[in-house]
Amino acid sequence: MTDYSGHGLPFLPGNTFRDITKSAQHRSQTLTYKNGYILPKRPIVGIGQADLFSDHLNQSKVNQLVIQNLAQTHEQLPAGPSTEFIPAHVFFDKKVLRFFGYFKQVILLSPQEQYRVRPVIISYFLEDDSFCVIEPEVENSGMPQGKLIKRQRLPKNKQGDFYHWKDLNVGIDICVFGVAYRITSCDQCTKAFLESEGILLNEPEEIPTDPYTQRRTQPQQAFVTPSDFDCLKQFLFMDRKVLRFFALWEHSDSVHMETRPVTIHYYLGDNSVEIRETHEHNSGRDPYPVLLRRQKVPKDVKPKTEPFPSCVLEVSPQEVQDYFSPKDFCVGESVNIVGRDFLLYDCDEFTLNYYKENFRDMALKPIQVKAKPSPDIKREIPPYNGFGSLQDSLQNCKSLIPEPPKKDLLKMLEKDGKVLRYTARLDSLNPDDNGRRFILSYFLSNDTISIFETNMRNSGIIGGKFLEKTQVHKPGSTPENPQYYSPADFAIGTTVEVFGRRFVLLDADLYVLNYLESIADQIPSETINSLRQRLYPDPNKTQTTDETLETNENTL
């Protein structure tokens, strides 16, 4: 059998070609949607399913499809308008009937109320005949509110029946889980739906008032005559305006009858008083300056009718006859606040101007208070104990928290890397020390000295660091007046004593001579001459400036 596949060629490998005119490359769909459901496509009678989903149909098959469609069209009978089937869960999707009602909660352990009326919103979902009961939340109600019954079908009786929208109406009670909910009204959409289904709605009812909420909204009976004073006006005009008085508190409870300076603040915005202590430097007292926190201080209290300790009960506003006011504070007089006497000896400029404008009859008499003379305490430095350097020991005596001694940063930056090196031998009575040689280095940045011993073959002594960088004081100097070695003390042939050991300087670098000549006004002439005689033994032989600089660089 021969199949030319529309090209006139046998269906053999290499004889098939791709249709370049084809633009749609997607796979054919085998499923379709109808009324919200997924259904498979039905194949046309007379044509195989493979031929239906195939992209290439022969002309004979196409003609067959046309003939079948025409035959089916002429055989159909005229009918009325087609109605598309819509499932119930699609038609009633997002359609909710909303009813308003309430239920009564019985209160057993309260003598003031027997029940509470709690309003609810009952939602009925037509999609699956489920209910949801929500109580509107009231702020500061103290009761768990919100969703009382989550969305579910509610049982109607013990036979297993459930509530339906046909069972709902206005003015009826429905019992759900032992609670009777009274339906009082519904919204307009719910009313229109029920009337369209032939249900006659009863007259809407009003939710009864809750006796507990009504009792809370009623103002409590006040037995105090309200004042005509406008507190809001006082706050708006007098806010952030403070009267400041300087006073002395005679602390009689202490053994030595000490006097403490305090500052009294009177806030004009709310007539409150605050007292703060003025601590002196190094007074030894705790860092809590507030002696009396900001509050309204009662001036006169009603006499007590019953013998009861006053320290147990707080003073209520009904027992206070009067509070402290600005007229009770007069500079030059004493005032008793909370059982303590304070002598007002001065005030600030704002307080003085306030009294001149509002209380002209009050005479302010500032008192000159003599300041307590501060004792002249001489700081005594303890003697040096031999531990650490003198600078560290002295710095620990100047502060409670130890701090490192301060360094001359400018000198360290200018003379960083500048070192004077000398060759020395150990001046010792031990004959084994005769051949030992040392390099003594003087660091100009911090005036310290380090000693390094050179290795000598077959000497039996290991060379290396002999003395780390440290300041070396001269013999005979005292801890009170220490004197340290400087470049002016290092002449050739001079003996340098370092912590009990004596070193004799034998030689030096050329850089040492060049540096000391640059500061010849600060160096003795004997030191410079000794270096010249050592470095230039022949006075007729001199070096050029270029040779000197080259030698200096090599030395560095």
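Where is F162 found?

1. F162 sits in the loop between β6 (146-152) and β7 (173-176); strands (E, at least two residues) and helices (H or I, at least four) are DSSP runs, numbered from the N terminus. The model is predicted: local features need pLDDT of at least 70, side-chain atom pairs count only at pLDDT 80 or more, and totals for chains, interfaces and linings use all residues. Residues are numbered from 1 along each chain as its sequence is written, and side-chain values use heavy atoms, with hydrogens and water left out.

2. With a relative accessible area of 38%, F162 is partly exposed (buried is under 20%, exposed over 50%, partly exposed in between, with a 1.4 Å probe and protein chains only). Apart from neighbours within four places in sequence, F162 is in contact with R153, L154, P155, K156 and D167, contact being heavy atoms within 4.5 Å. D129 is 33 residues from F162 along the chain, and their C-alpha atoms are separated by 8.7 Å.

3. In helix α7 (residues 349-358), the buried residues are T351, Y354 and Y355. They lie on the same side of α7 because they cover an arc of only 95 degrees around the axis, the arc being that of the directions from the helix axis to the C-beta atoms. An α-helix has 3.6 residues a turn, so residues three or four places apart point the same way. The cover over the buried residues of α7 includes β9 (242-251) and β16 (340-347). Exposed residues E349, K356 and E357 are on the face turned away from the buried side.

4. The whole structure has 21 salt bridges (a side-chain nitrogen of Lys or Arg within 4 Å of a carboxyl oxygen of Asp or Glu). One of them pairs E135 with R118, with the closest N and O atoms 2.7 Å apart. E135 lies in strand β5 (residues 130-135) and R118 in strand β4 (residues 115-125), so this pair ties together parts 17 residues apart in sequence. Both E135 and R118 are buried.

5. E127 and R151 also form a salt bridge (3.9 Å, N to O). E127 is in the loop between β4 and β5 and R151 in strand β6, so the pair ties together parts 24 residues apart in sequence. E127 is partly exposed, at 35% relative accessible area, and R151 is partly exposed at 40%.

6. A further salt bridge joins E274 to R276, with the closest N and O atoms 3.4 Å apart. E274 is buried, with a relative accessible area of 10%, whereas R276 is partly exposed at 29%.
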